[in-house]
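Hi everyone, thanks for coming. Please have the sequence and the 3D view ready, and I'll walk you through them.

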Amino acid sequence: MWRFTAPAVDGSVPQSRRAVKDLLKRQGVPIDADTAYAVLLIVSELVTNAVRHAALLSPELAVEVAVGPEWIRVAVEDEHPYRPRALEADDARTGGRGLLLVREITREAGGQCDVEHTASGGKIVWAALPLRVPAGVPPLPEPPDPDPVTLLPGTPAPPGPA
């Protein structure tokens, strides 16, 4: 699992997306183009939500990426206690559909997403997608000792092998 923090400002959206993209490439994560695109879009939407809706109470946010042999999970944590909800489509609005988009991308990919509260009163918004490995690329090996203790308090283990 990788975790980095960023200030809750607009510039953190593209920086977080680039950081996750570079991390996946640098770590040699075998991921197909569609799943990589979905992961980066989800990161953009979750960081944007934290910047727009939580910055007043949470001047810093954290981005986590966890990769297993069959899944990839991204999460954004902030210290704002409000639990966001996905809004339904409204053609009159120019925004407010980020979580709806995350939910639909995740559902179409066969993944899961949710919001969990942290022990400190903030929240973690996460999405886990099945890792579709491009043809001819071996999947990631099983981690030597998967330790759920490394997850943030209140964060469920991502789908995948137990």
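I'll start with the overall layout, then go through the sheet, and finish with the helices.

A word on the source: this is a predicted model, in which local features need pLDDT of at least 70 and side-chain atom pairs count only at pLDDT 80 or more, while totals for chains, interfaces and linings use all residues. Residues are numbered from 1 along each chain as its sequence is written, and side-chain values use heavy atoms, with hydrogens and water left out.

So, what does the chain contain? There are 3 helices and 5 strands. Helices (H or I, at least four residues) and strands (E, at least two) are DSSP runs, numbered from the N terminus. Of the 162 residues, 44% count as buried; buried means under 20% relative accessible area, exposed over 50%, and partly exposed in between, with a 1.4 Å probe and protein chains only. Now for contacts, meaning heavy atoms within 4.5 Å. Among those in the chain with a separation of 6 or more, 68% come from residues 24 or more positions apart.

Two strands pair here if DSSP finds at least two bridges between them.

Let's walk across it. Strand 1 and strand 2 are antiparallel and share 6 bridges. Tryptophan 2 stands opposite valine 65 in strand 2, and proline 7 has glutamate 60 as its bridge partner. Next, strand 2 (residues 60-67) runs antiparallel to strand 3, again with 6 bridges, and the two form a hairpin with 3 residues between them. Within that pairing, valine 63 is the bridge partner of valine 76, and alanine 66 stands opposite arginine 73. Strand 3 also pairs with strand 5 (residues 123-130), in the antiparallel sense over 8 bridges; there, valine 74 stands opposite alanine 127.

How many residues of strand 3 are buried? It is 8 of the 8 in residues 71-78, so the strand is largely enclosed by the rest of the structure. In a regular strand, side chains alternate between the two faces of the sheet. You can see that here: Trp71, Arg73, Ala75 and Glu77 point one way, and Ile72, Val74, Val76 and Asp78 the other way, all of them buried. Strand 2 is largely enclosed too, because 7 of its 8 residues are buried.

On to the helices. Helix 2 (residues 33-54) has 22 residues that should span 32 Å at 1.5 Å a residue, and its end C-alpha atoms are 31 Å apart, which agrees. The expected span is 1.5 Å times one less than the number of residues. Since 16 of those 22 residues are buried, helix 2 is largely enclosed by the rest of the structure.

What does helix 2 meet in helix 1? The axes of helix 1 (residues 12-26) and helix 2 come within 9 Å and cross at roughly 150 degrees. On the helix 1 side we find Ser12, Val13, Ser16, Arg17, Val20 and Lys21, and on the helix 2 side Val39, Leu40, Val43, Ser44, Val47, Thr48 and Val51.

Last comes helix 3 (residues 98-109). Its 12 residues reach 17 Å from first C-alpha to last, close to the 16 Å expected. Which of its residues are buried? They are Gly98, Leu99, Leu100, Val102, Ile105, Thr106 and Ala109. Their cover includes helix 2, strand 4 and strand 5. Just after helix 3, glycine 110 takes a positive phi of about 85 degrees.

Definitions and conventions
Axes are lines fitted to C-alpha atoms, for helices over the stretch in contact, and angles run from 0 to 180 degrees between N-to-C directions.
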